[in-house]
Amino acid sequence: MMEGVIDRGIAEIIRDEMIMHDKIISILKDDPKTIPEIAEALGYPSHEVVYWVMAMWRYGKIEETTAKPNADGYFMYKVK
Amino acid sequence: MNYDVLIVGGGIAGMESALTLGDMGLKALLIEKEPSIGGKMVLLSKVFPTLDCASCISTPKMASTIHHPNVTIMTSSEIRKIAKNGDGAFKALINRKSTYVDNNACTGCGECEAACTVALPDRFNFGMVAHRAAYIPFPQAVPKKAVINRQGQSPCSNVCPAGVKAHGYVSLVRSGRYDEAFHLHMEDAPLPGSLSRACYAPCENACTRSDLEGSVDIRRIKRFMVDHYYSAHSEPEYGTPEKLSDKRIAIVGSGPAGLSAAYHLGRKGYHIKIFEREEQAGGMLRYAIPAYRLPKDIVDRDIKNITALGVEIETNTNITSVASLKEQGFDTVFLAVGTYETWKMNLPGEDLDGVMDCMGFLSKANTGKISDLSGKTVVVVGGGNSAIDPARLALRMGAEKVIILYRRTRKEMPAHEWEIQAAIDEGADLMILKTPRRFIGSNGRLVKVEVLRMELGEPDDSGRRRPVPVKGSEHSIDVDLAVLAIGLRPSTDSFTDQLKINRNETFRVNPETLETNIPSVFAGGDGVTGPAMIVDAIGQGKRAAFYINRYLQGESLDNIEFDSRLSIADKYDVLSNRGAISKRMQIVAVEPPPSQRVKTSEEVEKCMTEEEARYSANRCLDCGNCSECGECIKACPADAVHFDMQPEEIEIEADSVIVSTGFKLFDAHLKTNYGYGKYPNVVTAMQMDRLVSPTKPFNRTLRPSDGKAPDNIAFVLCTGSRDCTIDNPICSRVCCMYSIKQAELIMGALPLADITIYYIDIRAFGKGYEEFYKQAKEMGVYFVKGRVAKIELVEDGNLSVFYEDIDGGSGPQQMEHDLVVLSVGLLPNMDALHLFNNGDRLEADAYSYVKEINEDIDPTRTSIDGVFAAGTTSAARDIPDSILHAGAAAAQAAGYIHQLKASR
């Protein structure tokens, strides 16, 4: 998969969310992480991880740790 | 139903027309195809130039519309056709789609959505985030009711004879909810362990992915699910039902059909006794299928699912009389006798010691009554699955040589190819185009089989080429045991004088109710269908249970549909219209090598690991969207979800029609040089509006490539408007202003962000628009006059915008941004042009908008007398103009209705 280019169908990426929940929860269990950090841990492109993390945020499984992003512009997410 | 006016489309224009007419005392029916009224406006962040909250303006109107005493709304509804009557009024046929949720009961709590196991792109957030197959459209939806997205029934579930929701348990396994998956299976079929080993899985043949790189491994996923559950639950978690009936049911036969019927009836509290002629219960599961395919401890555990309900099984009892059961006080009888006999070949020597039918051999082998064939030569006659099992079993019992004798070629063998290959791999010798002519014995014991060579002639009734003996080809083979597996015969002999029997010796029953010619006696399973799959028999038992229950309740069996299913989801639609599908290979089944597995009777196939099972489940394409996992039903505190709800066809009459079907947005994929759909950080303005709205799909305004707060954002105006290359030469009227609106909102949300707007010319024609434009410039928005030629990806997801600097005069330039917004144009919604028939044609203008015949002096009037266009149906308009236009349409409609009523 090429970082920065959408090379999979959006519907397929979104379908994958259900299998990614446990993996992302496991990654965030000990320390909050940014989306690029989660992506690196998962081995998936960041733009795909955005779909999964945002759906998990939407359905109350995770939350951001601070009201403002860090100096690089990223929010950290933790298990809710 | 009669109304004064029918309004098609529940956006801001439709609502405005409905409210205006309602306030005049006219009865309006508002039809909206989406589950909520509000159209696109309610999804916007703010409106320009006032920056008032779009929701704050929309939602009171939405609430007023739904509560107005003179306005009726039908959401999730579409017009099939509208025709004008001779009296000047209109007749419309409306399809009210089923949402599978009772709106009177639903409280909009969202519990169903939280429980749902299927993620789909959320179209109300323009695909930027997932929602669920069970969903509430958006937080301000009116009505705020859940909807279940069911696009037909997934093929795997649709073809299951037992009605097992394969898609449902696959989606639950994908989500890691294994126990729920098991319980879902148990709703339909009580023998999941046996099915997980020995089902021929018609679901997999139907799987849409089988048209790609191979079916989802549904059976092996089930195996994982069952093993996971059984390892934690050696006994069922339930006991006898609290409420017991005084009715008694006798079931003859404890095979899959009998056990299935007993389970479904047992759950209803009936007293059930199964009579089994063999020593142990299980029928074919125990006596026909070898342990290397189906371990008997799994059969035992499956049977506990039935006996835990209080079902009694009496073995070693051969029932031959229905009347005797009635005399014992049973209210009904279900005959599930199976096919335990084998058709005779009627050849000389067939009665010799050493010639066995396949069921006799299998039952003796499976119960240890024959265990050692060391040094023996075994011939199995037949080409079906019932021939493969004895052959493979004989090899495990030490037979020196096993020959499968089949009279046609391998291609015509009814057995599954993988089973044939497995037998060959294990050492069986497949002799095709050969058939026995006679069995030769010595001292009453088989010693040889005389065999004829065959050749294929013309096709027979089955379509297969008829085998024809080759003259003079007789030769003999030395054998110790011959197993005849040429076909199984129903075990109905005992009942021929009591019940009607078909020519093929199956019970004659009503195919719907499975009732025999004696009203209280039902029959099912292989005794009715002939030899079939286990899952067929389980389905028959379930069907019989449904009608037996009705019989015992004194309810009619006529015209009652059992197991009503949605139509099958369209595979073509799944493969062609849901985006790219990656290749995901099947997990190769782990089996010991043939030389090793043939030495033992242990189960050949290994269970998937948890990771393999979830990976395999995630290969599912969610064909029907909703998986029917039933979690929403369980989660709903109001009992509002009902999968049996049906769509309705409603016919209404109205004196006038207002068409307010709105506009469509330009598909930005068509401007390929801008990279939409390829680069994550190229978004449309509608997506940007969602990103800056209070109900945004992300936790903040973030860019989609990596969740970073953007700080250098570009807007590309006139994307898909004023552009002859995509056949839309006209201005969309709103793009300049909504882009400026978004720029100002971003500056509020991201104060440090740089905003650049690339434009051809700014059209600030409305009240306060010029001031709004100037305000943006004063806030620091950077306006660049120049059309963007292309957008390319640079580092870190950033994008390079190539443009011509017209005002600056520096020619072609490029600028880097970390997010690019394409300000897409508005297009006509041409669906409106197809609403009418019977010769009435809604004319279109040169740009395919609904044509207003004389918009200067007679606005909103269309080519059909009595039909009026409101809002963006007839032209691109901003919100204030749309509302004004909708008011005009309402006034015109009221005038027409007044004249029509006066003329009657």
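A residue counts as partly exposed when its relative accessible area lies between the 20% below which it is buried and the 50% above which it is exposed. That cut-off is used at several stops below. The model is predicted.

**Chain B as a whole**

Select chain B. Its C-alpha trace spans about 115 × 70 × 55 Å along the principal axes, and its secondary structure comes to 26 helices and 37 strands. Of its 904 residues, 60% count as buried. Among contacts in chain B with a separation of 6 or more, 70% are between residues 24 or more positions apart.

**Salt bridges in chain B**

Over all chains the structure holds 74 salt bridges. Select B:Glu474 and B:Arg437, whose side chains meet in a salt bridge at 3.1 Å, N to O. B:Glu474 sits in the loop between strands E21 (465-469) and E22 (475-478) of chain B, and B:Arg437 lies in strand E19 (residues 434-442), 37 residues apart. B:Glu474 is partly exposed, with a relative accessible area of 34%; B:Arg437 is also partly exposed, at 40%.

Next, select B:Glu591 and B:Arg597, a salt bridge of 3.2 Å, N to O. Here B:Glu591 is partly exposed at 38% relative accessible area, whereas B:Arg597 counts as buried at 6%.

Move to B:Glu852 and B:Arg877, paired at 2.9 Å, N to O. B:Glu852 is in the loop between strands E36 (826-828) and E37 (867-869) of chain B, and B:Arg877 is in the loop between E37 and helix H26 (879-903), 25 residues apart. Both are buried: B:Glu852 has a relative accessible area of 8% and B:Arg877 one of 14%.

Then select B:Arg197, B:Arg219, B:Arg223, B:Asp227, B:Glu603 and B:Glu605, which are linked in a network of salt bridges.

**The interface with chain A**

Show both chains. Here 45 residues of chain B are in contact with 36 residues of chain A, and the two chains bury about 3,400 Å² between them, 55% of it on carbon and sulfur atoms. Six salt bridges cross this interface. One to select is A:Asp16 with B:Arg584, the closest N and O atoms being 2.8 Å apart. Strand E6 (119-121), strand E7 (130-132) and helix H21 (610-617) of chain B each supply at least two residues of the side touching chain A. That side has 21 nonpolar, 11 polar and 13 charged residues.

**Helix H3 of chain A**

Finish at helix H3 (residues 35-42) of chain A, where the buried residues are A:Ile35, A:Ile38, A:Ala39 and A:Leu42. Seen down the helix axis, they fall within an arc of 100°, so they line one face of H3(A). They pack against helix H2 (17-28), helix H4 (46-58) and strand E2 (77-79) of chain A. After H3(A) comes A:Gly43, with a positive phi near 80°.

Methods. Residues numbered from 1 in each chain as written. Chains lettered and ligands numbered in written order. Heavy atoms only, no water. Contact = heavy atoms within 4.5 Å. Buried area = accessible area lost by both parts, 1.4 Å probe. Salt bridge = Lys/Arg side-chain N within 4 Å of Asp/Glu carboxyl O. Helix = DSSP H or I, 4+ residues; strand = E, 2+ residues; numbered from the N terminus. Nonpolar A, V, L, I, M, F, W, Y, C, P; charged D, E, K, R; others polar. Buried < 20%, exposed > 50% of the residue type's maximum accessible area, 1.4 Å probe, protein only. Arc of directions from axis to C-beta.
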